[in-house]
Every structure is written in C-alpha cells, then in structure tokens.
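Have the model open as you read.

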Amino acid sequence: MADRDGIFAGDDPFQIARTWLAEAEKSEPNDPNAIALATVDADGLPDVRMVLLKEIDGGPDDGAFVFYTNYDSAKGQQIAQTGKASFVMHWKSLRRQIRVRGTVTKEQDDRADAYFRSRALQSRLGAWASKQSQPLEGRGTLVAAATRQAVLQGTNPARPPFWGGFRIAPVQIEFWADGAFRLHDRFRWTRDAKNRWFSTRLYP
C-alpha cells in the first residue's frame with residue numbers, strides 16, 4: 001500500500017512486530033512483552049488475562065507468537081478445546097498496539113525444555129508447585145508446595161509434563177498507532193489466495 005510507510009513499512013508483519021517490541025523495550029517501565037490473551041470456554045464465554053510473550057518466531061511462511069504456561073490452567077484447557085486464541089499488545093509509551101488472531105499448537109518439546117532451563121530456579125520450582133487456576137486454601141499452602149518441590153526436584157528440575165509453550169500462528173495481524181484528533185492509523189495483515197501476506201488500511 002502506497003501510504004504504508006514509516007513505522008508501518010516493510011513486507012514482513014513479524015519483523016514489524018519485532019521492531020515495535022524492541023522499541024517498546026527501551027521505553028516501557030515494566031513488561032514490554034505483556035499481552036492480553038483471549039480464549040473462550042466450552043460455553044463460548046470469552047476469557048482474558050495478561051501473560052508474557054516470549055518469542056516472535058519465524059517470518060511470513062512459518063511465523064508464530066510464543067508464550068508459556070501450565071497446560072492444565074484455564075487458558076490451557078480452553079486452547080485445547082478450541083485450538084484458537086487472540087491477543088492484544090499495548091504500549092502506552094509508544095501509543096501503539098498490535099492485535100493478533102490465530103490458531104494455536106503446542107511448542108516443540110526441545111524448545112520448551114530449553115526455555116524452561118533458562119528460567120530462574122525458583123520459577124522452575126514454582127511451575128511444579130502451582131496447580132494453576134485451581135482453588136488455593138492460602139498462600140502458605142503454595143509456599144509449602146514450592147518448598148516440597150525443592151526437595152523433590154533438586155537444583156536442576158526438568159520441565160513438568162503439564163507445563164510448556166503455545167504457538168499462535170496468526171490468520172490476522174493488526175498494527176495500530178495513535179493519531180492526532182483520533183485519526184489513528186490501522187493496518188490489518190491477512191493472507192491472499194496464494195498464502196502471501198498483504199495489508200489493508202482500516203478506518204480508525
């Protein structure tokens with residue numbers, strides 16, 4: 001599109017997203033990789049929560065947005081039921097946002113193992129200790145469970161079988177930037193009949 005220039009320029013929406021995230025890392029005070037992840041339950045009721053995006057992987061042919069969680073959590077179970085999710089990433093400092101909708105698959109075991117090993121030891125033990133999304137009697141119960149897992153798992157715990165990554169393969173990516181007098185800029189990327197990405201400017 002002729003007027004898609006400046007911060008919107010480029011033929012690879014995944015690279016544009018990586019560039020925006022890199023800019024946000026310089027200006028956002030906390031968690032520039034935070035996303036509001038939306039799923040739906042068995043009744044079709046939407047559910048949304050904040051998670052951390054850990055990777056924007058690949059390019060136009062095989063790109064995906066990757067995050068990690070407990071597979072038995074509410075979001076894990078909802079994704080297992082539908083195979084779909086969406087998210088929005090919003091940066092107040094840049095006055096920009098990215099919206100993504102797509103299908104979801106589990107991350108490969110070796111890549112999930114590598115990411116798990118990169119986490120702090122206490123976070124790895126916490127993954128073992130937390131029955132995510134289940135009722136909890138009190139914080140003391142959680143702390144005791146983490147202490148117990150420290151004894152059971154040692155100083156180099158393996159990745160729990162119920163914990164790992166999800167890859168969102170987008171069918172749609174939208175880039176939004178604030179404009180004067182609410183005349184914002186929006187570009188939606190989708191695929192054409194030959195599976196190539198193309199962009200369309202949208203009214204704000």
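Y115 is buried, with a relative accessible area of 19%; buried here means under 20% relative accessible area, exposed means over 50%, and partly exposed is in between (1.4 Å probe, protein chains only). Keep in mind that this is a predicted model: local features need pLDDT of at least 70, side-chain atom pairs count only at pLDDT 80 or more, and totals for chains, interfaces and linings use all residues. Residues are numbered from 1 along each chain as its sequence is written, and side-chain values use heavy atoms, with hydrogens and water left out.

So who pairs with Y115? Rings of Phe, Tyr and Trp (its six-membered ring) pair if their centres lie within 6.5 Å; planes under 30 degrees apart are stacked, over 60 edge-to-face, and the rest tilted. By this rule the count comes to 14 aromatic pairs. In one of them, Y68 and Y115 are stacked, 4.2 Å centre to centre with 20 degrees between the planes. Y68 sits in strand β3 (residues 64–70) and Y115 in helix α3 (residues 109–118), so the pair ties together parts that are 47 residues apart in sequence. Y68 is buried as well, at 14% relative accessibility. Helices (H or I, at least four residues) and strands (E, at least two) are DSSP runs, numbered from the N terminus.

## K54, next on the list

K54 lies in strand β2 (residues 46–57) and counts as partly exposed, at 39% relative accessibility. Leaving out residues up to four places away in sequence, K54 touches N33, V66, F67, Y68 and Y115, where contact means heavy atoms within 4.5 Å. K54 and N33 are 21 residues apart in sequence, yet 7.2 Å apart in space, C-alpha to C-alpha.

## Other rings, and charges over them

There's an aromatic cluster too, formed by F8, W20, W91, F175 and F187.

## Where α4 meets α5

How do the axes of α4 and α5 cross? They come within 8 Å and cross at roughly 110 degrees; axes are lines fitted to C-alpha atoms, for helices over the stretch in contact, with angles from 0 to 180 degrees between N-to-C directions. That makes α4 roughly perpendicular to α5, a label for angles of 65 to 115 degrees.

On the α4 side, L125, W128 and A129 make the contact, meeting L142, A145, A146, Q149, A150 and Q153 of α5. The residues of this contact split into seven nonpolar, two polar and no charged. Nonpolar covers Ala, Val, Leu, Ile, Met, Phe, Trp, Tyr, Cys and Pro; charged covers Asp, Glu, Lys and Arg; the others, Gly among them, are polar. The buried residues of α4 are R124, L125, A127, W128 and A129, and their cover includes α3, α5 and β6.

## The whole chain

Stepping back, the chain has five helices and eight strands, running α-β-β-β-α-β-β-α-α-α-β-β-β from the N terminus on. Its C-alpha trace spans about 60 × 35 × 35 Å along the principal axes. Of the 204 residues, 41% are buried.

How values were computed
Angles under 35 degrees count as roughly parallel, over 145 as roughly antiparallel, 65 to 115 as roughly perpendicular and the rest as oblique.
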